[in-house]
Amino acid sequence: MERVRNKLKGWKAKFLNHAGKEVLIKAVVQTIMAYVMQCFLLPSNFCDELCSIVGRFWSYDESKLENLFSNEEVKAIMSIPIGGPLVKDSLIWAASIDGGYSVRSGKSCTDPSPRVALIENKGLWRSIWGLKVLSKIRSFMWKLCHNIVPTKGILARRFHGAFRASDCCPRCGNEVESIEHLVFFCPFAQDVWRASSFSYSPSPLGFPGFSKWWEKIFEFRNFGNFEDGSALIAFLLWAMWKSRNGFVFEGMLDSPWDVWNRAESAFMEFSCAQSKDQRNNSPPQPKLSTWSPPLAGITKICCDAAFNKLTGKAAAAAVAHDSTEAIVHGNTIRFLASSASSAEASAIRIGFSLALNVGLENVIFESDCLGVVNRLNSGVLSAWESAAIEEDILSMASLFSSFSFSFIPRACNRVVDWVAKNALNLSCPVNWVNNVPPGLRPFL
Ligand SMILES: [Zn+2]
């Protein structure tokens with residue numbers, strides 16, 4: 001058993017293609033047992049273990065999996081990152097990064113608080129915090145979307161649990177002052193919308209609620225004559241709220257046109273200031289790259305992965321540069337992955353295979369995934385999702401005369417970023433090193 005294990009360990013499965021692996025198993029590994037098996041009936045658990053060692057080396061047979069499991073299950077199995085023979089199975093707690101259980105991570109699993117739910121809605125989150133408006137208006141939009149702007153209706157619900165006559169809209173007195181009433185359905189609000197360049201009149205029938213409405217608006221934000229309609233709408237909503245407060249606290253009576261004009265001029269002023277800022281701050285062609293080629297005799301291998309969370313598909317690329325900055329080697333593969341960090345770790349493993357295949361001795365491996373780089377440098381493999389791959393990388397490290405892992409910002413390596421992304425969507429050919437696709441040329 002030990003001899004079989006040593007054979008497979010020594011050969012390093014990753015450097016053989018399927019045909020090579022087949023030869024190794026049939027001609028080398030299986031013959032070790034042939035003589036013994038002629039004389040003795042081997043115990044069945046011994047045979048099982050032997051099969052599992054060879055099976056692990058050969059990797060999964062996808063067609064067998066397809067016969068046994070559903071498509072979803074096959075995908076999940078195929079995305080399990082497989083480490084080398086030294087990596088042992090262990091129990092992990094999937095809800096934390098380091099795979100260890102903590103009360104906090106347990107609580108967040110059983111009791112998803114509203115804050116967690118909010119972050120999950122990335123579209124809404126981006127639609128608020130990505131808005132090009134004053135920061136006070138951004139946080140006002142956030143409050144509107146979470147129904148926590150202190151209108152009379154919201155305060156009444158929070159402090160009295162029921163609505164009283166005094167919780168009605170201070171302008172029209174017709175309805176409880178909710179956010180929707182304040183900015184859409186109050187006759188005054190409707191007049192403001194009509195006075196605006198949006199000429200919009202929302203109907204209370206089937207109205208989805210403010211945050212859903214805002215998400216829709218954000219999707220179509222380039223409507224109207226304005227480049228970014230959603231920013232102008234945010235200024236308008238803010239102006240309505242200011243006007244309402246002026247009315248409630250200071251008795252100021254604005255006309256709907258006052259409110260619209262104020263919103264529009266604040267928006268214009270802000271946009272002009274922004275574009276002036278941009279003109280002053282950005283030099284014509286900012287040089288993004290601070291990357292430098294390695295010293296003579298050393299190779300830099302940049303590794304990067306692209307991962308599609310929805311499909312589980314991933315692509316990883318490794319690009320080797322010599323001291324003249326030229327690309328000397330490259331490698332790309334597509335695979336299934338379980339997480340972005342395991343895909344990034346796989347990219348470094350592909351860099352390793354590339355270096356070993358072409359016989360490089362002094363190598364610097366670069367990645368834009370700080371977590372993986374830190375773990376490989378410290379040797380503390382705390383993230384369970386990629387731990388098997390990282391252990392595998394470290395076990396191969398002794399094959400180099402010198403090596404190091406370093407972090408580079410994504411902007412510094414556009415080539416490998418481009419290759420990984422385009423390999424994922426099948427628009428980068430496998431032989432891209434010898435046949436550079438047009439899309440890649442601008443980055444060379
Ligand atoms: Zn009203």
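**Close-up views of a predicted model**

**View 1. Alanine 317 and its contacts.** Setting aside neighbours within four places in sequence, alanine 317 is in contact with Asp304, Gly330, Asn331, Thr332, Ala347, Val416, Val419, Ala420 and Ala423. The model shown in this and the other views is predicted. Ala317 belongs to the largest nonpolar core, which has 47 residues. Ile301, Ala317, Val419 and Ala420 touch the most other members of that core. Two of these, Val419 and Ala420, are also on the contact list of alanine 317.

View 2. Helix α16 gives the most, with eight residues.

**View 3. The β1-β2 hairpin.** Strand β1 covers residues 299-307 and pairs with β2 in the antiparallel sense, over eight bridges. Alanine 306 stands opposite alanine 315 in β2. Five residues lie between the two strands of this hairpin. In the turn, glycine 312 has a positive phi of about 80°.

View 4. Strand β2 runs over residues 313-321 and is mostly covered, with eight of its nine residues buried. On to its pairing with β3 (residues 327-336): the sense is antiparallel, and there are nine bridges. Alanine 314 has phenylalanine 335 of β3 as its bridge partner. This hairpin also has five residues between its strands. Glutamate 325, in the turn, has a positive phi of about 80°.

**View 5. Helix α14 from end to end.** Helix α14 has 22 residues, 229-250. At 1.5 Å a residue, the helix should span 32 Å. Its end C-alpha atoms are 31 Å apart, which agrees with that expectation.

**View 6. The whole chain, for orientation.** The chain has 19 helices and five strands. Of its 444 residues, 28% count as buried. Contacts between residues at least 6 apart in sequence can be sorted by separation: 63% of them join residues at least 24 apart.

Notes: Residues are numbered from 1 along each chain as its sequence is written. This is a predicted model: local features need pLDDT of at least 70, side-chain atom pairs count only at pLDDT 80 or more; totals for chains, interfaces and linings use all residues. A residue is buried if 20 or more other C-beta atoms lie within 10 Å of its own, exposed if 12 or fewer, and partly exposed in between; C-beta atoms are placed from the backbone. Helices (H or I, at least four residues) and strands (E, at least two) are DSSP runs, numbered from the N terminus. Two strands pair if DSSP finds at least two bridges between them. Two residues are in contact if their C-beta atoms, placed from the backbone, lie within 7 Å. The expected span of a helix is 1.5 Å times one less than its number of residues. A nonpolar core is a set of buried Ala, Val, Leu, Ile, Met, Phe, Trp, Tyr and Cys residues joined through C-beta atoms within 7 Å.
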